[in-house]
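Subject: Handing over the structure

Hi,

Here is the structure I promised to pass on. Please have a look at it first, and then read on for what I found.

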Amino acid sequence: MYVTKGFLAGLLFMVFGGGAAAIAFTYRMGTATQMGPGYFPALLGVVVMAIGLVMAIRAYLSPEGSEPAERLHLRPMVLILAGVVAFGLLIRSWGLAPAIAALLVFGRMAGREGGPIEFILMLVVLTVLPIIVFIYGLRIPLEIWAQ
Amino acid sequence: MKNGAFGAACARTFALAALSAIIGLGAGTAASAQTYPNQPIRVIVGFPPGGAADLLARVLAPHLQQELGQPVIVENRPGAQGRVGADSVAKAKPDGHTILMSTEGALVITPHMGEALPYDPLKDFAPISQVVGFAPVIVANASLEADTLADFIALAKKNPGKYSYGHSGIGGPNHLAMELLKEMAGIDIAAIPYQGTGAAIPAVISNEVSLLAGAIPALTPHITAKSLKPLAVTSSERISSVPDVPTVAESGVAGYEMSSWVGLLAPAGTPDDVMETLHAAIAKTLKNPQVIKSIEQGGQTVVGSTPDAFMKRITGDYEKYGALIKSLGLAQK
Amino acid sequence: MDLFGNLSLGFGVAFSFDNLLFCFVGVTLGTFIGVLPGVGPLVTIALLLPLTFSLPPEGAMIMLAGIYYGAAYGGSTTAILVNLPGESSSVVTCIDGYQMARQGRAGSALAIAAVGSFIAGCIGTILIALFGPPITRLALQFGAPEYFSLMLMALILTASLVRGSVLQGIGMALLGVMFGLIGMDVNSGALRYTFNITGLADGVEFAVVAMGFFAFAEIISNLEHDRQREVFVNKVSSLMPTREDMRRSIGAILRGTGIGAFFGILPGAGQTISSFAAYMFEKKVSRRPEAFGQGAVEGVAAPEAANNAAAQTAFIPTLTLGIPGSATMALMLGALMIQGIAPGPQIMTDHPRLFWGLIASMWIGNALLVVLNLPLIGLWTRMLKIPYRWLYPGILVLSCIGIFSINNSTTDVLLAALFGVLGYVFMKLSCEPAPFVLGFILGPMLEENFRRAMLLSRGDPGTFISNPISAGFLLVSAVVIVAMITPSIRRKKDLAIDESA
């Protein structure tokens, strides 16, 4: 089976490199001594794509050289992503407390451990402590409840 | 732990969070029904801490707090040369609790540089007051074979393309000042961009570039230490903290004038009585002798204009810079 | 220059009760902020600036300086304990520090970091006192060609950071460079890779990448339920380093100090590069390079010493030439000027109490930091025993608040989430984040300086060789490349010879 780490990493590099180069070519290129904004990123993109190609080919031809790719566990990944995104979206519009609450809810769903009482306690502690430290202590301009 | 019990815990948590949010919002709405100001006032600065607008805001904040009776908090929202900060105030609630302290860049220069702006600099803001005016000073490396701007212009004309100047960023006021000088004086010098005046200073001290236009506070220490020579200031009149430095106009480029300002603005649609309160507060603060001293020590001049005068200044500058950028061919697209 | 007289004046100032208090407050606050992810000395100093207006200038600067180098201390604590760099300069400490923690040697790592930082700080202070202005004049010799060649050399040496496949490491470094290019291009004013998102116009914040790759990705990985989460906390052996550890570290500390002191003076290069450079150098000169990445104590000692030395020497150009090496230094410069004090060579003669008092207080501050941090090691290691289901939500909350507070920007938080996912994918593919991070920081500077050097030389590429310092770095780079390739050529030759026999 050739779906090894090396192969997938190579593919990933090809995608990033290719995409970056494609976008870079739409910027002004200039010359090697008078580089425009597009020259360097285009060059990089092409090199990264080449590296990715070599990695992928190597992995394909000798799959025993690399380990099989591990499974992506979607559940914790999506939930943590959702939690951080929720925090980001809520902190300006609803304030720090709702943002922390949302983050912790998603975090709890990703972790699936612990009882409800413990969760409420965590909610309180992890909301009150940061408020004291950041807002009152460091005087960072965050709003607890947005107006 | 069983899924059922956890599901119940989740539901309880959501309910708790929702309830608290509602209470919070309710408390908020009740509060805004009272007289202004009834909450802390946030002064948004579109640059990271340490810049001209930021330091000015921090100097003024405690006094404004005294005048307005509510905490005045300076909040930095840096990004895109002030555009992020300006945008956030343009879209803020026009109740006077979120105001913008901005240099002219984000309002009258960057709109002409080619990128589409998410706000309209003339329509989305209600100017409160132009707080200070300031102008960049043009300095040269200490070993330059010219001691005045007039001499340098002669030198540059004899050696086109030989000299270079550093500036704090394409489309910034320092860049524009030097490009205008080039055009009006008819000289050919190369422009070398840096990430801000701070990054350009070592370059001009070490003679990587010959000239630099930058804010007076950043350059005064070096002028005093004689590692840089001041050539001219770009304003129309000499500046009190550097009285011996002639203006560019005095140095042989008649009619040259370029100056910057920092001003306070509110979102458009802010009620008139709120605007009056804010203007009165800033006007009073700017009469405080300590404040005046801090400002003038920084090479800036106190202005403190009325909202109408400020609006006129903004509109005038908008057109002036538009024409200038077009004639210099600096727009990106 | 009457060094002894100046120092005694300085200590006289620094030992006054008020200034000792300011120093203590400063370093404590600084350590604390360094521990908190995202929140850095820049934000804190900005917030405390108004307070300093009413303080005497010596006291104000002593406190602000304490915050600055105290943060370098604190950043290593979370790097070692939970693989989360509190400051950008602590990223390298994560590599071996965290491994040491997993092996139950967290106490040793923390102690070595503290002691190393102290020694580095003391030496750094002495360097400032003795060599301040001359060293800065050396730093002024660094123009665009020199910076370019230096960055190139550093990037090539990155290959030695890599634990796995070198090709993949280079690919990661270049990928990092690409992400570093997001934002406005200095030399043309054009916006690159911003997709019209205003929040990206100034590029991706380092803390966003660090938080995503190190904190979030790690948390996601630990929450997979297929694997046994390692319970390494029970193995906490001793709180103090072994004699073996100390013996190994002393050389690393001294070398790290030298490297850090050098890089700290270069404006723009800064502490992060100094810690990376110290790590890579240490690995190169070590007799057991294969131990690096598995918990080698030198891998903690060298970067920690480097970033603390850099934190001290960063004051030199700021004070003696008025050239701030970083945004935080620029802020302190601003604080000085508001107080009516103009930094510059004359600062030593015009304000001797301030200058020497500050230097003396740095020494005191370093001592205070060790005194503060060593006993805390017991507390920190006990924190490792907190059940993970409490630890990771705490990390999440602190990281998110920290990221948001840098620019008050929602975009930053959302980006961090994306980098979390990307970091998780990288983990699954065994792609190492360290080269990526280095490329992210150095790459854009490489391009900026190359183009600037070309602008200055009006298009003449010879400028890189005609400048001696630049030529020197390029020579080293060439040698390193050759050295990297020849073993594999020789190996292939040997293989060919064996096969034909």
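In chain C, C:T194 sits in the loop between β2 (191-192) and α9 (206-222). Helices here are DSSP runs of H or I with at least four residues, strands are DSSP runs of E with at least two, and both are numbered from the N terminus. This is a predicted model, in which local features need pLDDT of at least 70 and side-chain atom pairs count only at pLDDT 80 or more, while totals for chains, interfaces and linings use all residues. Residues are numbered from 1 along each chain as its sequence is written, and chains are lettered from A and ligands numbered from 1 in the order in which they are written.

(Buried means 20 or more other C-beta atoms within 10 Å of the residue's own, exposed means 12 or fewer, and partly exposed is in between, with C-beta atoms placed from the backbone.) Setting aside neighbours within four places in sequence, C:T194 is in contact with C:I182, C:G183, C:L200 and C:A201; contact means that the C-beta atoms, placed from the backbone, lie within 7 Å. C:G183 is eleven residues from C:T194 in sequence, and their C-alpha atoms are 6.0 Å apart.

Also in chain C, have a look at helix α5 (residues 91-102). Its twelve residues reach 17 Å from first C-alpha to last, close to the 16 Å expected at 1.5 Å a residue; the expected span is 1.5 Å times one less than the number of residues. Eleven of the twelve residues of α5(C) are buried, so the helix is largely enclosed by the rest of the structure. Among them are C:V91, C:C94, C:Y98 and C:M100. Just after α5(C), C:G104 takes a positive phi of about 85°.

Now to chain B. Five of its strands form an open sheet with mixed pairing, in the order β7-β6-β8-β5-β9; two strands pair if DSSP finds at least two bridges between them. At the edges stand β7 (190-193) and β9 of chain B, each with a single partner strand, so one side of each has no neighbour in the sheet. Strand β9(B) (residues 228-233) has five of its six residues buried, so it is largely enclosed by the rest of the structure. It pairs with β5 (residues 137-141) of chain B in the antiparallel sense over five bridges, and B:I138 stands opposite B:A232 there. By contrast, β6 (residues 164-167) and β8 (residues 211-214) of chain B pair in the parallel sense over two bridges, with B:L212 as the bridge partner of B:G166.

Chain B also has a domain assignment, with bounds from an automatic or database source: domain 1 (36-134 + 261-328) and domain 2 (137-233). Their C-alpha centres lie 28 Å apart. Eleven residues of domain 1 of chain B are in contact with twelve residues of domain 2 of chain B. On the domain 1 side, α4 (105-109) and α11 (307-328) of chain B each supply at least two residues.

Finally, which residues meet where chains A and C touch? The contact takes 55 residues from chain A and 51 residues from chain C. On the chain A side, the largest share, twelve residues, comes from α3(A).

Enjoy exploring!

Key. Two residues are in contact if their C-beta atoms, placed from the backbone, lie within 7 Å.
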